[in-house]
Amino acid sequence: MPKDGGIGASSKRREDVRFLTGAGNYTDDINIRGQAYVHFLRSDIAHGTIKSIDTAAAARMPGVVRVFTGADFEGVGGMPCGWQVTDRHGQPMQEPAHPILAQGKVRHVGEPVAAVVADTAEQARDAAEAIVLDIDELPAVVDMKAALESGATKVHDDLNDNLCYDWGFVEENKDAVNKAFEDAAHVTSLELVNNRLVANPMEPRVAVGDYAKGTDDSTLYTTSQNPHVIRLLMGAFVLGIPEHKLRVVAPDVGGGFGTKIFHYQEEAFCTFAAKACNRPVKWTSSRTEAFISDAHGRDHVTKIELALDADNNFTAIRTETHANMGAYLSTFAPSIPTWLHGTLMAGNYKTPLIYVNVKAVFTNTVPVDAYRGAGRPEATFQLERVVDKAARELGVDPIALRRQNFITEFPYATPVAVEYDTGDYHGTMDKLEEMGDFAGFAARRSESEKNGKLRGLGVNCYIEACGIAPSNLVGQLGARAGLYESATVRVNATGGLVVMTGSHSHGQGHETSFAQVVAEMIGIDENMVEIVHGDTANTPMGMGTYGSRSIAVGGSAMVRATEKIINKAKKIASHLLEASEADIELKDGAFSVAGTDKSVAWGDVTLAAYVPHNYPLEDIEPGLEETAFYDPANFTYPSGAYACEVEVDPDTGKVTIERFAAADDFGNIINPMIVTGQVHGGIAQGIGQALLENCAYDENGQLLSASYMDYAMPRADDLPMFAVDHSSQTPCTHNPLGVKGCGEAGAIGSPPAVVNAVVDALQSAGTDVTHIDMPLSPDRVWEAMNG
């Protein structure tokens, strides 16, 4: 029977009441009396020298408050990068300046060159169209490998070349890895692409800057996954505003998928312009603006090699990746293809030797940063595709080859510097085989063939590192911020609690699941717990939400703060019950004396905390409010096994997904319904990458897929019903909840399952197709089938 409430119950998401009834409060819903609007004039060429910007006509147009150009930001800090990577030679990465408005050059289509602030959005747009730009167009650098050739046009004139860094990991393994390949009985190699993606959350980015002249306080309302980090970066490194004079508010946010982690130029501009104009300034992105200004995801080109011995044991992995940074370094961009990718190349397998090389490259394209999974999907796709190809070359069952090489003993230290604490990869594969009805596949394939279709079955395994931390480790790896989380728990006199968290919710259901955790610890109804997030003025400093860290890190901070509350409440209860504190127990919302029937209700104790008549104030100060910061000792390591069945139409190349099964190990589960929803969403996004989505540039740096007319998002009829199971639970050993994180798993495990299934279908027809790059559009599949 399902629980009625608390940890493990499928409590309905309380936030959905306001979302489904149109009562949500998104940033675009915020309008401040007297506000002006900004329209950004963006470059329509990818690379060029700015010769002049004539704003005279624009400044005279109706309603215009002020026109800004890059000259207005001389002396103002540029957009900061939050992570520094050191290359394999011990040198720091090349880190170019990133201005708020273009200065001297434009470096990608969509870069803001000027901005008009006016009384209405229409007036701002009309005036921006009157600005005359004179730009001397330069050759655009789009292809990563061409960008590294001798004599290639430089994206940044002040850098040595277009190479951001040449990273090797683990560099000390390189010679041993090469020797393992020389000695291998079999080597499988594969070149593949992790295609560039646009996140496309439901809500485009919005920023509203406000300034109070009387107090010199600035406020930014923004669509952000981590308002405290925005305040830190924008205040300290861009605009020079002391943190106590800067408030950042992120209200309801309609999806992020990584693209709303970062600090963007528009946020800094609106904050700066509000003070410069002494007037609130608002910007709402159009969907086309989002395509050319939101940070993109993925965009890796990789050669991966797998070495095996005569018994088909994995002996070494070697990869070489070109990772696109775009024209500038977005907030966390350097860490994605390195520390969040290279450290996951062991996957679920006990491969003793691994070497990963990554060359990060500047191009005249939109900056690239984290997108759901952030480095782990790229690693999983490489690994699971080459393992599948190896099985076919060796003529062995792909599942059997995986099982033979699974890690089975924990904790397990990988050769790429991480230690998995728990896992059961055979258990998730067992569950997958049961859910996927593999025994019935042959009959389903036969039925498809009768209908003129090719049917394929693809499997894969994944592991990811979540709960990104600890701060001292990531600091050594180049992070320029801590990665802890925080919580303040305030108990009211009548027993209700307000929990203020540094984590931020943008679709994960925090207001429900966090309340379940605290309510379970005390034994009270979940409705007595309110979760507050998204406002730096009334939440403790925290690092926000990304990397499936919210429950593992943010939830653990809540546990620690609630434990402090309970310990103090026990002191008060011991006085009320005239018993030793050591004998006080808390269960089902009441304190009792062990071995007796003496008890006092939670509400009576909390009232006593604020009306202290019955205990000595010299021993216990009044009130019940505690804060805790939590910095975990290690990542968490969710894992799983996925299966996909497809039908391919040999006449058109169209791929239809017929069945999809996902068996995940997320450790202890707080809310099964929310977890299932997160997996569904992740699988849908992964299928989108595998079959539909592709961010494409031409040789001149023009984005060819800048709207939904050209960028194919997955729709309901592209997806089957998903079979999802997360009953295989190996709890995490180093956080108090035993949780692992679930938000990104579906997007990590699904792309290789889809591609493996399509390759299986084509090979069943006798073709020699071994790989097709994503997205597997009908024309790509048809061309592969027909040579």
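Between domain 1 and domain 3 an area of about 460 Å² is buried, 46% of it from carbon and sulfur atoms, buried area being the accessible area (1.4 Å probe) lost by two parts on being put together, summed over both. On the side of domain 1, the most area is lost to domain 3 by Gly82, Trp83 and Gln84, which together give 84% of what that side buries. The model is a predicted one, in which local features need pLDDT of at least 70 and side-chain atom pairs count only at pLDDT 80 or more, whereas totals for chains, interfaces and linings use all residues. Residues are numbered from 1 along each chain as its sequence is written, and side-chain values use heavy atoms, with hydrogens and water left out.

In the domain assignment of the protein chain, domain 1 spans 35-139 and domain 3 spans 470-630, the bounds being taken from an automatic or database assignment. The C-alpha centres of these two domains are 46 Å apart, and 5 residues of domain 1 are in contact with 6 residues of domain 3 (heavy atoms within 4.5 Å). The count of salt bridges between the two domains is 1, a salt bridge being a side-chain nitrogen of Lys or Arg within 4 Å of a carboxyl oxygen of Asp or Glu. The side chains of Glu95 and Arg480 meet in a salt bridge at 2.9 Å, N to O.

Rolling a probe the size of a water molecule over the atoms shows where empty space is left.
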